[in-house]
Amino acid sequence: MMYLKLMRVFFKENFSFKRIFGFRLKSSKLKTILISFAIIYGFGGMLLGFGYMFFELGRVLALNQMEDLLLNFVFVYATFMSMFFVLLQANGYIFHYRDFNILQPLPIKNRTVIAAKINVMLITIYLTIFIITAPIVFSYFYHSGFNFISLLIYIILMLFVPFVPLAIFSGLSLLIANFSNRFRIGKALNLIFMFCLFLGIMVFSFSMNMNETNPLFNQLDFMDSFGGIIPTGKWFILSIHNLNILAFAGFIGISLAVLFGFIIVVERIVVKTNQSHQNIRVRKNQTQAVSRQKSVVRNIFNKEVKKFFNTTIYIFNCGFGTIMMFIGGVAILIFKESLITSLEIFESANLDIEVLLLVILGFLISTVYTPAISLSLEGKNFWILKSLPIKAETVMLSKMLFNLVLTIPFALFALFMSSIAFGFSALNVVLMILFIITFASTFSILGSVINLHFPKFEYINETEVVKQSIGALLGLFSGFFILTIHGVIYYFLSASMSLALVLLIAVAINILIFLGLYMYIKKQSESIFMKL
Amino acid sequence: MIKIKDVSKSYDQKKMAIDKINLEILPGDIYGFIGHNGAGKTTLLKSIAGILNFDEGEITIFDKSIKKESLEAKKLIAYIPDNPDVYEALSGIEYLDFIADVFGVELEKRKSLIQKYGQMFEIEDVLNNPISSYSHGMKQKVVIMSALIHSPKAMLLDEPFVGLDPKASYLLKEVFHELVEQGALIFFSTHVLEVAEKLCNKVAIIKNGKIVANGKTSEVIKDKSLENIFIELLSDK
């Protein structure tokens, strides 16, 4: 069957170990161990933290015989995650796929290609929603009693949950792209929309009240009403909780009907959208191109800026921390009063507000992990840097510079706003400034070292590097790792010395790590470059 | 001159991609490099350009070792790959400025060269546009311009005529002659044997990583055609 043949090719093309991580499993044991550790650490942390909250929620719900509400969480989380993924990926997977020129001349029905493409996109979605909902489902079965048939129904229904959001939000993403492409600033409009959407999800997350024993309690009403409004949500719960065959059949029937309807409707549209990229029309300029002289560092820096703002997935993933620092800075000043009240619990727990702020800023800086992936993003263009008379060290430091511009000014802005709001002492502010600068620089240079050792030059689209590469994973965790070191130091030293002295020690540690890594880049980057 | 002495490279430590290659390319040479697919042409070109690390031997460019004095050696060369993969987010002029800045080309000189080659290859009107909007041939022309903008002493090209229209191919050949008259050298790989035969004063034929024929074009082909020699050499076991 043609569909299965296509699926086999797409699967190999998208999901081989080398494709995802950038190297073969057998070729490096050390890299494999590091990756395994990072994955276990990342997922383990997420599952344990998330799992504890849902276990507690399940315990309380079980007391009131309302444990079926947990299934609402499963349905809503899976639906939202599917929506989110579809909005980000539908364009690349369905409407503008890169292998159109290979597939279109082949004697394969368009709907078969679309179905196979959708299935490839679904694999990522399935992986995510099964992992995200695993702790909730565990809590549900633990508190309501394990039932194998219910588990089987859950697994089957989860395979169908993304179908409806896929149909609706693929269409929506195409409409948005078509609308924004009519304007010269189409890309910017697309980005603004994406950020609005993501911020909306964040606002929803903040609806969880941190003063409650369990922040999930504040989402109960929303989950209940969402599950009540959407018929498939009700059927999802009835199928698993009450083993209702009719609801089970209804859920699958509706999902399949919507998906097949979607494929039939978009069949022609998909061909048209893909064809639209085939016509290259080069606009001739009225104005003459003007040459400008710049330093090499400035040139590479400018190139990084252009790459960043021209790659939606890049700016969306790595620009989020920058935007949050800016928005947070403004918000701190506006919501000063209510924040001071909320933060009293931290003061009563003997935790300095300054430290809490630095942890949050450190976390946000860590999400701007551009140095850990920017070398990989050179991709097929890497020959340019390798063949030019530019030191590898200069390339890496220019990339770091770009990262520091994305982090330090915004972190300092948030710090100044917080200083005004909370009235930090002048000495602490100076030390906090030093901490932010040294932390951002250390995080940045650590990211560069990571990317030198974990590059991924072969990819079909940038998403593979920005979201799925080992460089991205390690880059993100490297910031948390440095923060953990500081956390341990603060824990042991804060009782015996002043905050200013602890901050000074933290700054010194940052500088030491930075210098060590700088020396490493200076000595090793050239030879590593040659091996890449 | 480019001296390639006993250069070997293996990707898997089993099969040699290039095996004990020895070549000398002198100023004024237009040297054609011919071979079947997978013979090792790109590997050797990338090794000379400092893109690939080779396992054994030595490559010097005007007495600068590409391994030991890589920056100094790279300042003398221009490399053009078989596929014009360039920074798509940049405009043509930004890319050319980037390369000119790296090589320290003065503003006035680069302006005149951009104007000269922009007009010659008929892309001066699109240089303000992002490279992502260019056709394959236009990208190829930008890469060629970027190589010419710093007046290299050695030009290395991998299949330079692929994707170029007939006029651009003709112009590129003219540029080759212009450069060698100024004392530069050209070393390029090609599958178009007629081009190599007519254009090159010297040719080298590579088969399974080893040079099987090398020297002045007239001496290599004698009274036959390059195509005949190439087929004969390939069929020899």
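Of the 237 residues of chain B, 50% count as buried, a residue being buried if 20 or more other C-beta atoms, placed from the backbone, lie within 10 Å of its own, exposed if 12 or fewer do, and partly exposed in between. The model is predicted: local features need pLDDT of at least 70, side-chain atom pairs count only at pLDDT 80 or more, and totals for chains, interfaces and linings use all residues. Residues are numbered from 1 along each chain as its sequence is written, while chains are lettered from A and ligands numbered from 1 in the order in which they are written.

**Chain B as a whole**

Select chain B and colour by secondary structure. Along the principal axes, its C-alpha atoms fill a box of roughly 55 × 40 × 30 Å. Among contacts in chain B with a separation of 6 or more, 70% come from residues 24 or more positions apart; two residues are in contact if their C-beta atoms, placed from the backbone, lie within 7 Å.

**The sheet of chain B**

Select β1, β2, β4 and β5 of chain B next. They form an open sheet of four strands in the order β2-β1-β4-β5, with antiparallel pairing; two strands pair if DSSP finds at least two bridges between them. The edge strands, each pairing on one side only, are β2 (16-25) and β5 (64-65) of chain B. Strand β1 (residues 2-10) of chain B is joined to strand β4 (residues 56-61) of chain B by five bridges. Within β4(B), B:Ile61 stands opposite B:Ile2.

Now centre on B:Asp63, in the loop between β4 and β5 of chain B. Its phi is positive, about 70°, although B:Asp63 is not a glycine. B:Asp63 counts as exposed, with 11 C-beta neighbours inside 10 Å.

**Where the chains meet**

Show both chains. The contact takes 30 residues from chain A and 33 residues from chain B. On the side of chain B that touches chain A, α2 (70-74), α3 (92-102) and α4 (107-120) of chain B are the elements that give two or more residues. The largest share, six residues, comes from α3(B). By class, this side of chain B has 18 nonpolar, seven polar and eight charged residues; Ala, Val, Leu, Ile, Met, Phe, Trp, Tyr, Cys and Pro count as nonpolar, Asp, Glu, Lys and Arg as charged, and the others, Gly among them, as polar.

**Two stops in chain A**

Select helices α20 (residues 392-422) and α24 (residues 499-531) of chain A, which pack at an angle of about 110° with their axes 8 Å apart. The two helices are therefore roughly perpendicular to each other (angles under 35 degrees count as roughly parallel, over 145 as roughly antiparallel, 65 to 115 as roughly perpendicular and the rest as oblique). A:Ala392, A:Glu393 and A:Met396 of α20(A) meet residues of α24(A) including A:Ile521 and A:Phe529.

Finally, select A:Leu243, in the loop between α11 (231-241) and α12 (245-276) of chain A. Phi of A:Leu243 is near 50°, a positive value in a residue other than glycine. With 13 C-beta neighbours inside 10 Å, A:Leu243 counts as partly exposed.

Key:
Axes fitted to C-alpha atoms, helices over the stretch in contact; angles between N-to-C directions.
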